[in-house]
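Here is a short briefing on ring contacts and backbone angles for you to follow alongside the coordinates. Have your viewer open and enjoy the tour.

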Amino acid sequence: MSENSFQSEVTAKAAESGANASARFRERQAQGGSTAAVDQDRVALLAGKAIKALNDLVIEEQLSYEEYNAFKAWLIKVGEDGEWPLFLDVWLEHSVEEVANADREGSKGTIEGPYYLGGSPELEWNGTIPMRDDEPGTPFVFKGQVTAVDGTPLPGAKLELWHADNLGFYSQFAPGLPEWNLRGTFTANDNGEYEIHTIRPAPYQIPTDGACGQLIAAAGWHAWRPAHLHFKVHAPDHQLITSQLYFPGDPHNDDDIASAVKPELLLDPQPNPDGEGEVTVYDFVLDPA
């Protein structure tokens with residue numbers, strides 16, 4: 001199928017994508033929500049500092065009522081467009097992730113982003129991710145090994161992979177895509193190894209027709225994320241790692257709108273000697289739980 005046959009995907013709108021992300025986030029919170037008591041002192045500390053920072057900004061920059069009302073209207077629109085997950089994951093999550101994983105000895109992690117879905121199809125260690133029969137894009141083989149920090153292989157480790165298609169769209173967040181397109185959960189073999197067959201994803205712009213796009217346009221920023229693969233890797237008695245892996249030479253590796261690229265997360269794709277497309281090797285090292 002030609003690329004033109006997939007142009008219906010381009011009709012994905014921020015409101016639809018944002019609403020899907022918000023709904024999925026609420027579902028996950030409901031399924032795994034904490035019943036622990038709220039630490040009022042912690043809430044007071046964090047909320048107080050955030051409010052003080054905003055008030056300090058108002059005074060320092062001499063915010064006008066016109067600017068204040070524009071800001072208020074924009075905050076309302078973020079909610080109406082369902083874009084709070086997008087806004088927070090793009091502009092805040094990278095700092096939360098750095099704090100959460102500061103003491104990790106194993107592989108580097110990075111942000112999850114708003115498009116993760118649990119429960120993707122289960123596959124063997126050596127298999128092809130669910131995709132359309134005529135999925136456009138460069139064939140891409142991703143292989144490696146999951147080990148502990150001491151180098152011990154972790155048999156049966158799970159690797160959840162999801163990524164955008166050749167036009168930069170994610171299944172279940174854009175129309176016209178099969179439910180689990182380019183999403184799968186792979187189980188490492190007895191030596192912790194995996195070999196995943198997929199396609200190379202495209203770089204993409206985050207949705208620009210909603211509130212986040214308004215901010216980007218008003219500030220004169222760009223909306224691009226470099227091409228990347230998303231992973232969650234976990235094994236018994238070891239810490240889950242959430243990561244994204246990137247491709248060298250992408251013009252937005254150095255100015256990713258989500259500030260999620262790290263040098264340790266760059267792949268080294270090579271021509272595939274056993275077939276068409278590219279192949280790369282990347283090992284995941286998991287910290288003990």
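Two rings of Phe, Tyr or Trp (its six-membered ring) count as a pair if their centres lie within 6.5 Å. The structure, a predicted model, holds 17 aromatic pairs.

**Aromatic pairs**
- Y170 and Y204 pair edge-to-face, at 5.6 Å centre to centre and with 90° between the planes.
- This pair links distant parts of the chain, 34 residues apart: Y170 lies in the loop between strand 4 and strand 5, while Y204 belongs to strand 7 (residues 204-205).
- Y170 is buried because its relative accessibility is 3%, and Y204 is buried because its value is 8%.
- The ring centres of Y282 and F284 are 5.2 Å apart with the planes at 70°, so this pair is edge-to-face; both Y282 and F284 are buried.

**Cluster and charge**
- One aromatic cluster is formed by W74, W84, F87, W91 and W221.
- K232 places its charged end over the ring of Y116, 4.9 Å from the ring centre.

**Positive phi in a loop**
- Most residues other than glycine have a negative phi.
- Q172 has a positive phi near 70° and sits in the loop between strand 4 (158-162) and strand 5 (183-187).
- L182, also not a glycine, has a positive phi of about 60°, and L182 is found in the loop between strand 4 and strand 5.
- Q172 counts as buried because its relative accessibility is 15%; L182 counts as buried because its value is 1%.

**Annotated segment**
- An unreviewed UniProt entry carries the annotation "domain: Intradiol ring-cleavage dioxygenases" for residues 142-170.
- Over residues 142-170 the chain is 0% helix and 41% strand, with the end C-alpha atoms 19 Å apart.

Key:
Residues numbered from 1 in each chain as written. Predicted model: local features only at pLDDT ≥ 70, side-chain atom pairs only at ≥ 80, totals over all residues. Heavy atoms only, no water. Helix = DSSP H or I, 4+ residues; strand = E, 2+ residues; numbered from the N terminus. Buried < 20%, exposed > 50% of the residue type's maximum accessible area, 1.4 Å probe, protein only. UniProt positions renumbered as here; feature names shortened; annotations may be inferred. Phe/Tyr/Trp six-rings, centres within 6.5 Å; stacked < 30°, edge-to-face > 60°. Lys NZ or Arg CZ within 6 Å of the ring centre and 35° of its normal.
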